[in-house]
Amino acid sequence: MRLLEDQKFENERAIVRVDFNVPLNKEFQVTDITRIIAAKPTIEYILSQGGSCVLLSHLGRPEGRDPKLSLKHIVNEVSRALEAPVQFCDQTVGPEAESRALALEAGHVLLMENLRYAKEETYGDEAFAEQLARLGTVYVNDAFGTAHRAHSSTTIIAKFFPKKKCFGLLLAKEVNAINKVMKDGESPIVAILGGAKVSSKITIIESLLEKVDHLIIGGGMVYTFTKALGGSVGNSICEPDLCEIALNLLAKAKAIGVEIHLPFDVIAGDDFSNDSNQKVFEANNIPDGWEGMDAGPQSCEKFHKLIINCKTILWNGPLGVFEFSNFAKGTISIGESIGEATKSGAYSLVGGGDSVAAVKQLGIAPKMSYISTGGGAMLESLEGKKLPGISALTN
Ligand code: AMP
(Lines give C-alpha, C1' and ligand atoms only; values in the text may rest on other atoms or scores of the structure.)
Protein backbone atom coordinates (compact mmCIF):
# COMPACT_ATOMS: atom_id res chain seq x y z
CA MET A 1 0.00 0.00 0.00
CA ARG A 2 1.66 3.25 -1.12
CA LEU A 3 0.74 5.83 1.49
CA LEU A 4 0.65 9.61 1.39
CA GLU A 5 3.86 9.70 3.45
CA ASP A 6 5.63 7.67 0.73
CA GLN A 7 4.99 10.31 -1.91
CA LYS A 8 6.90 13.56 -2.36
CA PHE A 9 4.61 16.56 -2.89
CA GLU A 10 7.01 19.50 -3.09
CA ASN A 11 6.26 21.40 -6.31
CA GLU A 12 3.82 18.68 -7.31
CA ARG A 13 0.21 19.28 -8.32
CA ALA A 14 -1.80 16.51 -6.68
CA ILE A 15 -5.04 15.38 -8.25
CA VAL A 16 -7.02 14.37 -5.18
CA ARG A 17 -10.16 12.31 -5.80
CA VAL A 18 -12.35 13.18 -2.83
CA ASP A 19 -15.90 12.25 -1.96
CA PHE A 20 -17.71 15.58 -1.65
CA ASN A 21 -21.05 14.01 -2.52
CA VAL A 22 -22.69 15.98 0.29
CA PRO A 23 -26.38 16.65 0.94
CA LEU A 24 -27.68 20.09 -0.10
CA ASN A 25 -30.92 21.77 1.01
CA LYS A 26 -33.30 23.76 -1.23
CA GLU A 27 -31.12 26.86 -0.81
CA PHE A 28 -28.10 24.79 -2.01
CA GLN A 29 -26.48 24.89 1.41
CA VAL A 30 -24.49 21.89 2.60
CA THR A 31 -26.44 20.22 5.43
CA ASP A 32 -23.77 17.72 6.52
CA ILE A 33 -20.06 18.50 6.14
CA THR A 34 -18.80 15.10 7.41
CA ARG A 35 -17.36 14.11 4.03
CA ILE A 36 -15.57 17.44 3.57
CA ILE A 37 -14.03 17.22 7.03
CA ALA A 38 -13.01 13.62 6.31
CA ALA A 39 -10.85 14.73 3.35
CA LYS A 40 -9.23 17.61 5.24
CA PRO A 41 -6.17 15.77 6.69
CA THR A 42 -5.06 14.58 3.23
CA ILE A 43 -5.41 18.01 1.64
CA GLU A 44 -3.67 19.71 4.56
CA TYR A 45 -0.81 17.20 4.43
CA ILE A 46 -0.20 17.79 0.71
CA LEU A 47 -0.25 21.56 1.16
CA SER A 48 2.07 21.36 4.18
CA GLN A 49 4.59 19.42 2.04
CA GLY A 50 4.76 22.21 -0.54
CA GLY A 51 2.27 20.79 -3.04
CA SER A 52 -1.00 22.07 -4.46
CA CYS A 53 -4.35 20.23 -4.73
CA VAL A 54 -6.70 19.82 -7.67
CA LEU A 55 -9.84 18.37 -6.10
CA LEU A 56 -12.10 16.07 -8.11
CA SER A 57 -15.49 14.90 -6.89
CA HIS A 58 -18.92 13.96 -8.09
CA LEU A 59 -22.16 15.33 -6.63
CA GLY A 60 -25.35 13.35 -7.05
CA ARG A 61 -26.31 11.73 -10.32
CA PRO A 62 -26.75 14.59 -12.79
CA GLU A 63 -28.15 14.06 -16.29
CA GLY A 64 -25.79 16.41 -18.13
CA ARG A 65 -24.85 19.80 -16.68
CA ASP A 66 -27.64 20.09 -14.10
CA PRO A 67 -26.94 23.46 -12.37
CA LYS A 68 -28.56 22.17 -9.15
CA LEU A 69 -25.69 19.70 -8.83
CA SER A 70 -22.83 22.11 -9.51
CA LEU A 71 -19.94 21.87 -7.06
CA LYS A 72 -19.89 25.68 -7.00
CA HIS A 73 -22.54 25.39 -4.26
CA ILE A 74 -20.02 23.81 -1.90
CA VAL A 75 -16.92 25.95 -2.54
CA ASN A 76 -17.47 28.23 0.45
CA GLU A 77 -18.11 25.27 2.73
CA VAL A 78 -14.92 23.54 1.57
CA SER A 79 -12.98 26.75 2.07
CA ARG A 80 -14.43 27.17 5.59
CA ALA A 81 -13.61 23.56 6.49
CA LEU A 82 -10.04 23.82 5.19
CA GLU A 83 -9.63 27.30 6.68
CA ALA A 84 -8.01 28.28 3.38
CA PRO A 85 -9.15 29.90 0.12
CA VAL A 86 -10.46 27.45 -2.49
CA GLN A 87 -10.63 28.34 -6.18
CA PHE A 88 -13.33 26.90 -8.39
CA CYS A 89 -13.23 25.97 -12.07
CA ASP A 90 -16.58 25.49 -13.80
CA GLN A 91 -15.02 22.93 -16.14
CA THR A 92 -13.71 19.47 -15.25
CA VAL A 93 -11.48 18.76 -18.25
CA GLY A 94 -10.41 20.62 -21.38
CA PRO A 95 -8.16 23.61 -22.18
CA GLU A 96 -9.62 25.96 -19.54
CA ALA A 97 -9.51 23.29 -16.83
CA GLU A 98 -5.91 22.49 -17.72
CA SER A 99 -4.76 26.11 -17.77
CA ARG A 100 -6.43 26.77 -14.40
CA ALA A 101 -4.71 23.70 -12.94
CA LEU A 102 -1.36 24.66 -14.46
CA ALA A 103 -1.59 28.15 -12.94
CA LEU A 104 -2.12 26.72 -9.44
CA GLU A 105 0.64 27.73 -7.06
CA ALA A 106 2.07 25.60 -4.26
CA GLY A 107 -0.13 25.74 -1.16
CA HIS A 108 -3.29 26.44 -3.18
CA VAL A 109 -6.46 24.44 -3.77
CA LEU A 110 -8.61 24.24 -6.89
CA LEU A 111 -11.97 22.46 -6.96
CA MET A 112 -13.10 21.28 -10.38
CA GLU A 113 -16.73 21.04 -11.53
CA ASN A 114 -18.82 17.88 -10.95
CA LEU A 115 -17.12 14.88 -12.57
CA ARG A 116 -20.45 13.34 -13.47
CA TYR A 117 -21.43 16.23 -15.75
CA ALA A 118 -19.53 14.07 -18.25
CA LYS A 119 -21.20 10.71 -18.82
CA GLU A 120 -17.76 9.30 -19.64
CA GLU A 121 -16.83 9.41 -15.95
CA THR A 122 -19.13 6.59 -14.86
CA TYR A 123 -18.38 4.56 -17.99
CA GLY A 124 -14.76 4.47 -16.87
CA ASP A 125 -13.81 6.03 -20.20
CA GLU A 126 -10.05 5.96 -20.73
CA ALA A 127 -9.84 9.10 -22.89
CA PHE A 128 -11.72 11.04 -20.19
CA ALA A 129 -9.37 9.61 -17.53
CA GLU A 130 -6.40 10.75 -19.61
CA GLN A 131 -7.87 14.27 -19.79
CA LEU A 132 -8.32 14.25 -16.02
CA ALA A 133 -4.74 13.04 -15.60
CA ARG A 134 -3.49 16.17 -17.38
CA LEU A 135 -4.68 18.25 -14.43
CA GLY A 136 -1.85 17.16 -12.14
CA THR A 137 1.45 15.43 -11.62
CA VAL A 138 0.51 13.01 -8.83
CA TYR A 139 -2.71 11.03 -8.21
CA VAL A 140 -4.14 10.58 -4.72
CA ASN A 141 -7.36 8.68 -4.09
CA ASP A 142 -9.14 9.59 -0.87
CA ALA A 143 -12.68 8.68 -1.90
CA PHE A 144 -13.56 5.42 -0.17
CA GLY A 145 -17.26 6.04 -0.91
CA THR A 146 -16.64 5.44 -4.64
CA ALA A 147 -13.76 2.95 -4.39
CA HIS A 148 -16.12 0.15 -5.49
CA ARG A 149 -16.72 1.88 -8.82
CA ALA A 150 -14.41 1.46 -11.81
CA HIS A 151 -14.98 5.06 -12.89
CA SER A 152 -12.51 7.23 -14.78
CA SER A 153 -11.54 9.33 -11.75
CA THR A 154 -11.52 6.53 -9.18
CA THR A 155 -9.78 3.73 -11.06
CA ILE A 156 -8.83 4.26 -14.73
CA ILE A 157 -6.86 7.48 -14.09
CA ALA A 158 -4.39 5.58 -11.87
CA LYS A 159 -2.74 3.97 -14.90
CA PHE A 160 -1.43 7.39 -15.99
CA PHE A 161 0.54 7.65 -12.73
CA PRO A 162 2.32 4.30 -12.49
CA LYS A 163 4.93 5.62 -10.02
CA LYS A 164 3.12 8.62 -8.60
CA LYS A 165 -0.13 7.33 -7.13
CA CYS A 166 -1.02 6.77 -3.51
CA PHE A 167 -3.73 6.25 -0.91
CA GLY A 168 -5.13 9.34 0.79
CA LEU A 169 -5.25 9.24 4.59
CA LEU A 170 -8.98 8.53 4.73
CA LEU A 171 -8.82 5.73 2.18
CA ALA A 172 -5.89 4.15 4.03
CA LYS A 173 -7.80 4.41 7.32
CA GLU A 174 -10.86 2.71 5.80
CA VAL A 175 -8.82 -0.12 4.30
CA ASN A 176 -6.98 -0.64 7.58
CA ALA A 177 -10.26 -0.75 9.51
CA ILE A 178 -11.66 -3.41 7.19
CA ASN A 179 -8.44 -5.44 7.34
CA LYS A 180 -8.50 -5.27 11.13
CA VAL A 181 -11.73 -7.26 11.00
CA MET A 182 -11.63 -9.25 7.77
CA LYS A 183 -7.93 -10.21 7.77
CA ASP A 184 -6.35 -9.71 11.18
CA GLY A 185 -9.37 -9.82 13.52
CA GLU A 186 -8.57 -11.05 17.03
CA SER A 187 -10.86 -13.88 18.19
CA PRO A 188 -13.56 -14.14 19.33
CA ILE A 189 -14.94 -12.23 16.36
CA VAL A 190 -18.64 -11.41 16.16
CA ALA A 191 -20.48 -9.92 13.21
CA ILE A 192 -23.88 -8.36 13.79
CA LEU A 193 -26.00 -8.14 10.69
CA GLY A 194 -29.32 -6.37 10.68
CA GLY A 195 -31.30 -4.49 8.08
CA ALA A 196 -34.39 -5.25 6.11
CA LYS A 197 -33.82 -8.15 3.76
CA VAL A 198 -31.82 -11.35 3.52
CA SER A 199 -31.67 -10.98 -0.27
CA SER A 200 -29.32 -7.98 0.02
CA LYS A 201 -27.05 -9.73 2.54
CA ILE A 202 -26.62 -13.32 1.30
CA THR A 203 -23.15 -12.78 -0.15
CA ILE A 204 -22.10 -10.85 2.96
CA ILE A 205 -23.26 -13.68 5.23
CA GLU A 206 -21.43 -16.24 3.08
CA SER A 207 -18.24 -14.20 3.13
CA LEU A 208 -18.43 -13.47 6.88
CA LEU A 209 -18.95 -17.10 7.81
CA GLU A 210 -15.37 -17.66 6.69
CA LYS A 211 -14.07 -14.97 9.06
CA VAL A 212 -16.08 -14.88 12.27
CA ASP A 213 -16.78 -17.05 15.31
CA HIS A 214 -20.30 -15.70 15.90
CA LEU A 215 -22.92 -14.15 13.66
CA ILE A 216 -25.87 -12.33 15.18
CA ILE A 217 -28.76 -11.91 12.78
CA GLY A 218 -31.27 -9.16 13.50
CA GLY A 219 -33.74 -6.82 11.84
CA GLY A 220 -36.18 -7.90 9.19
CA MET A 221 -33.83 -10.68 8.03
CA VAL A 222 -34.74 -12.73 11.08
CA TYR A 223 -38.15 -13.77 9.79
CA THR A 224 -36.90 -15.50 6.65
CA PHE A 225 -34.72 -17.64 8.93
CA THR A 226 -37.44 -18.34 11.52
CA LYS A 227 -39.95 -19.22 8.79
CA ALA A 228 -37.37 -21.52 7.18
CA LEU A 229 -37.05 -23.25 10.56
CA GLY A 230 -40.80 -23.81 10.67
CA GLY A 231 -41.86 -20.81 12.78
CA SER A 232 -44.82 -18.48 12.27
CA VAL A 233 -43.87 -14.93 11.34
CA GLY A 234 -47.30 -13.23 11.22
CA ASN A 235 -47.12 -10.11 9.07
CA SER A 236 -43.35 -9.69 9.49
CA ILE A 237 -41.18 -8.87 6.50
CA CYS A 238 -40.17 -12.22 5.02
CA GLU A 239 -38.75 -13.60 1.77
CA PRO A 240 -40.18 -17.15 1.56
CA ASP A 241 -38.33 -17.90 -1.68
CA LEU A 242 -35.07 -17.50 0.25
CA CYS A 243 -35.96 -19.98 3.00
CA GLU A 244 -33.91 -22.71 1.37
CA ILE A 245 -30.89 -20.41 1.11
CA ALA A 246 -31.37 -19.48 4.76
CA LEU A 247 -31.31 -23.17 5.74
CA ASN A 248 -28.19 -23.70 3.64
CA LEU A 249 -26.46 -20.80 5.40
CA LEU A 250 -27.38 -22.26 8.80
CA ALA A 251 -26.05 -25.67 7.73
CA LYS A 252 -22.83 -24.18 6.36
CA ALA A 253 -22.26 -22.26 9.60
CA LYS A 254 -22.77 -25.42 11.64
CA ALA A 255 -20.39 -27.38 9.44
CA ILE A 256 -17.57 -24.88 9.91
CA GLY A 257 -18.22 -24.20 13.59
CA VAL A 258 -19.65 -20.68 13.37
CA GLU A 259 -22.50 -19.97 15.78
CA ILE A 260 -25.45 -18.13 14.27
CA HIS A 261 -27.54 -16.32 16.86
CA LEU A 262 -31.12 -15.42 16.02
CA PRO A 263 -33.25 -13.39 18.44
CA PHE A 264 -35.28 -15.46 20.87
CA ASP A 265 -37.94 -12.80 21.35
CA VAL A 266 -39.02 -9.79 19.29
CA ILE A 267 -41.10 -6.67 19.78
CA ALA A 268 -43.96 -6.69 17.29
CA GLY A 269 -46.40 -3.99 16.24
CA ASP A 270 -49.95 -4.39 14.94
CA ASP A 271 -49.26 -1.80 12.26
CA PHE A 272 -46.08 -0.51 10.53
CA SER A 273 -46.05 2.77 12.44
CA ASN A 274 -44.35 4.29 15.46
CA ASP A 275 -47.61 4.43 17.39
CA SER A 276 -48.80 0.91 16.75
CA ASN A 277 -49.67 -1.31 19.72
CA GLN A 278 -46.65 -3.31 20.89
CA LYS A 279 -46.30 -6.85 22.16
CA VAL A 280 -43.35 -9.15 22.79
CA PHE A 281 -43.52 -12.57 21.09
CA GLU A 282 -41.14 -15.46 20.62
CA ALA A 283 -39.43 -14.80 17.30
CA ASN A 284 -40.77 -18.04 15.83
CA ASN A 285 -44.30 -17.63 17.12
CA ILE A 286 -45.76 -14.35 15.87
CA PRO A 287 -49.52 -14.42 15.26
CA ASP A 288 -51.18 -12.99 12.16
CA GLY A 289 -51.89 -9.29 12.49
CA TRP A 290 -48.51 -8.62 14.18
CA GLU A 291 -45.15 -7.91 12.64
CA GLY A 292 -41.72 -8.18 14.24
CA MET A 293 -40.14 -4.72 14.28
CA ASP A 294 -37.41 -4.86 16.93
CA ALA A 295 -35.27 -7.28 18.94
CA GLY A 296 -36.89 -8.29 22.24
CA PRO A 297 -35.47 -7.70 25.74
CA GLN A 298 -34.30 -11.28 26.38
CA SER A 299 -32.49 -11.37 23.04
CA CYS A 300 -30.76 -8.08 23.77
CA GLU A 301 -29.55 -9.46 27.09
CA LYS A 302 -28.24 -12.62 25.45
CA PHE A 303 -26.53 -10.63 22.68
CA HIS A 304 -25.02 -8.32 25.30
CA LYS A 305 -23.37 -11.23 27.13
CA LEU A 306 -21.93 -12.50 23.87
CA ILE A 307 -20.73 -9.14 22.54
CA ILE A 308 -18.91 -8.01 25.69
CA ASN A 309 -16.79 -11.16 25.53
CA CYS A 310 -15.68 -10.59 21.93
CA LYS A 311 -12.43 -8.94 20.85
CA THR A 312 -13.45 -7.94 17.32
CA ILE A 313 -16.90 -6.66 16.39
CA LEU A 314 -18.38 -5.83 13.05
CA TRP A 315 -21.82 -4.22 12.82
CA ASN A 316 -23.88 -3.69 9.72
CA GLY A 317 -27.58 -2.92 9.72
CA PRO A 318 -30.08 -1.88 12.41
CA LEU A 319 -31.70 -4.53 14.62
CA GLY A 320 -35.16 -3.09 14.09
CA VAL A 321 -37.10 -0.29 12.47
CA PHE A 322 -34.90 2.29 14.22
CA GLU A 323 -36.48 5.18 12.31
CA PHE A 324 -39.52 4.69 14.63
CA SER A 325 -38.31 5.72 18.09
CA ASN A 326 -40.59 3.13 19.73
CA PHE A 327 -38.80 0.35 17.82
CA ALA A 328 -35.22 1.56 18.22
CA LYS A 329 -34.51 -0.14 21.59
CA GLY A 330 -32.82 -3.23 20.11
CA THR A 331 -30.52 -1.16 17.91
CA ILE A 332 -29.63 1.15 20.82
CA SER A 333 -29.03 -1.82 23.10
CA ILE A 334 -26.67 -3.48 20.60
CA GLY A 335 -24.86 -0.16 20.17
CA GLU A 336 -24.45 0.15 23.96
CA SER A 337 -23.12 -3.42 24.20
CA ILE A 338 -20.60 -2.77 21.42
CA GLY A 339 -19.66 0.48 23.17
CA GLU A 340 -19.01 -1.41 26.42
CA ALA A 341 -16.89 -4.04 24.66
CA THR A 342 -14.93 -1.31 22.86
CA LYS A 343 -14.26 0.44 26.15
CA SER A 344 -12.80 -2.82 27.45
CA GLY A 345 -10.42 -3.08 24.50
CA ALA A 346 -12.36 -4.72 21.67
CA TYR A 347 -12.08 -3.33 18.15
CA SER A 348 -15.44 -2.33 16.67
CA LEU A 349 -16.19 -1.38 13.09
CA VAL A 350 -19.57 -0.09 11.95
CA GLY A 351 -20.55 0.57 8.38
CA GLY A 352 -22.43 -0.12 5.21
CA GLY A 353 -25.90 0.94 4.07
CA ASP A 354 -28.01 2.49 6.81
CA SER A 355 -25.80 1.54 9.75
CA VAL A 356 -24.00 4.86 9.95
CA ALA A 357 -27.27 6.82 9.89
CA ALA A 358 -28.57 4.60 12.69
CA VAL A 359 -25.58 5.02 15.02
CA LYS A 360 -25.46 8.77 14.40
CA GLN A 361 -29.20 9.26 14.92
CA LEU A 362 -29.18 7.17 18.09
CA GLY A 363 -26.13 8.92 19.55
CA ILE A 364 -23.97 5.78 19.80
CA ALA A 365 -21.42 6.75 17.15
CA PRO A 366 -18.74 8.03 19.59
CA LYS A 367 -18.64 4.63 21.33
CA MET A 368 -17.40 2.74 18.26
CA SER A 369 -13.71 2.27 17.28
CA TYR A 370 -14.33 3.18 13.65
CA ILE A 371 -17.30 4.24 11.55
CA SER A 372 -16.89 3.68 7.85
CA THR A 373 -17.72 6.56 5.51
CA GLY A 374 -18.59 4.28 2.58
CA GLY A 375 -21.99 2.61 2.27
CA GLY A 376 -21.72 0.53 -0.91
CA ALA A 377 -17.92 0.30 -0.81
CA MET A 378 -18.09 -1.07 2.72
CA LEU A 379 -20.75 -3.62 1.80
CA GLU A 380 -18.67 -4.86 -1.14
CA SER A 381 -15.62 -5.13 1.13
CA LEU A 382 -17.65 -7.25 3.54
CA GLU A 383 -18.65 -9.44 0.61
CA GLY A 384 -14.94 -10.09 0.23
CA LYS A 385 -14.73 -8.30 -3.13
CA LYS A 386 -11.62 -6.45 -4.28
CA LEU A 387 -12.55 -2.81 -4.84
CA PRO A 388 -11.36 -1.54 -8.24
CA GLY A 389 -10.31 1.85 -6.83
CA ILE A 390 -8.05 0.10 -4.32
CA SER A 391 -6.67 -2.43 -6.82
CA ALA A 392 -5.79 0.43 -9.19
CA LEU A 393 -3.57 1.97 -6.50
CA THR A 394 -1.86 -1.26 -5.55
CA ASN A 395 -1.25 -2.76 -9.01
P1 AMP B 1 -30.40 -2.21 5.27
O2 AMP B 1 -30.25 -1.04 4.33
O3 AMP B 1 -30.59 -3.52 4.58
O4 AMP B 1 -29.34 -2.23 6.33
O5 AMP B 1 -31.80 -2.02 5.97
C6 AMP B 1 -32.06 -0.96 6.85
C7 AMP B 1 -33.54 -0.88 7.06
O8 AMP B 1 -33.98 -2.09 7.65
C9 AMP B 1 -33.97 0.21 7.99
O10 AMP B 1 -34.66 1.18 7.24
C11 AMP B 1 -34.86 -0.47 8.98
O12 AMP B 1 -36.07 0.22 9.23
C13 AMP B 1 -35.18 -1.78 8.29
N14 AMP B 1 -35.58 -2.83 9.24
C15 AMP B 1 -34.91 -3.28 10.30
N16 AMP B 1 -35.63 -4.19 10.96
C17 AMP B 1 -36.80 -4.33 10.32
C18 AMP B 1 -37.98 -5.12 10.52
N19 AMP B 1 -38.06 -5.97 11.55
N20 AMP B 1 -38.98 -4.98 9.64
C21 AMP B 1 -38.88 -4.13 8.60
N22 AMP B 1 -37.80 -3.36 8.34
C23 AMP B 1 -36.77 -3.46 9.20
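The shell around the ligand splits into 6 nonpolar, 6 polar and 3 charged residues, where Ala, Val, Leu, Ile, Met, Phe, Trp, Tyr, Cys and Pro go down as nonpolar, Asp, Glu, Lys and Arg as charged, and the others, Gly among them, as polar. The model is a predicted one, in which local features need pLDDT of at least 70, side-chain atom pairs count only at pLDDT 80 or more, and totals for chains, interfaces and linings use all residues. Residue numbers start from 1 along each chain as its sequence is written, and side-chain values rest on heavy atoms, with hydrogens and water left out.

Of the 15 residues around the ligand, the nearest are Ala196, Gly220, Gly292, Gly320 and Glu323; a residue is near if one of its heavy atoms lies within 4 Å of the molecule. Backbone atoms turn up in several ligand pairs. A polar backbone atom of Ala196 sits 3.1 Å from a ligand oxygen, while a polar backbone atom of Gly220 is 3.2 Å from a ligand nitrogen. For Gly292, a backbone N or O atom is 2.9 Å from a nitrogen of the ligand. On its own the ligand has 510 Å² of accessible area, and the protein covers 84% of that (Shrake-Rupley method, 1.4 Å probe).

Helices here are DSSP runs of H or I, at least four residues, and strands are runs of E, at least two, numbered from the N terminus. On the α7 side, Ile202, Ile205, Glu206 and Leu209 make the contact, and α9 brings Ile245, Leu249, Lys252, Ala253 and Ile256, with contact meaning heavy atoms within 4.5 Å. By class, these residues come out as 7 nonpolar, no polar and 2 charged.

The Ser187 to Pro188 peptide bond is cis, with omega near -5 degrees, and Pro188 belongs to the loop between α6 (169-182) and β7 (189-193). Asn11, in the segment before β1 (13-17), has phi near 60 degrees, a positive value in a non-glycine residue.

Methods
A polar contact is a pair of N or O atoms within 3.5 Å; within protein, one must be able to donate a hydrogen and the other to accept it, and residues adjacent in sequence count only if both atoms are side-chain atoms.
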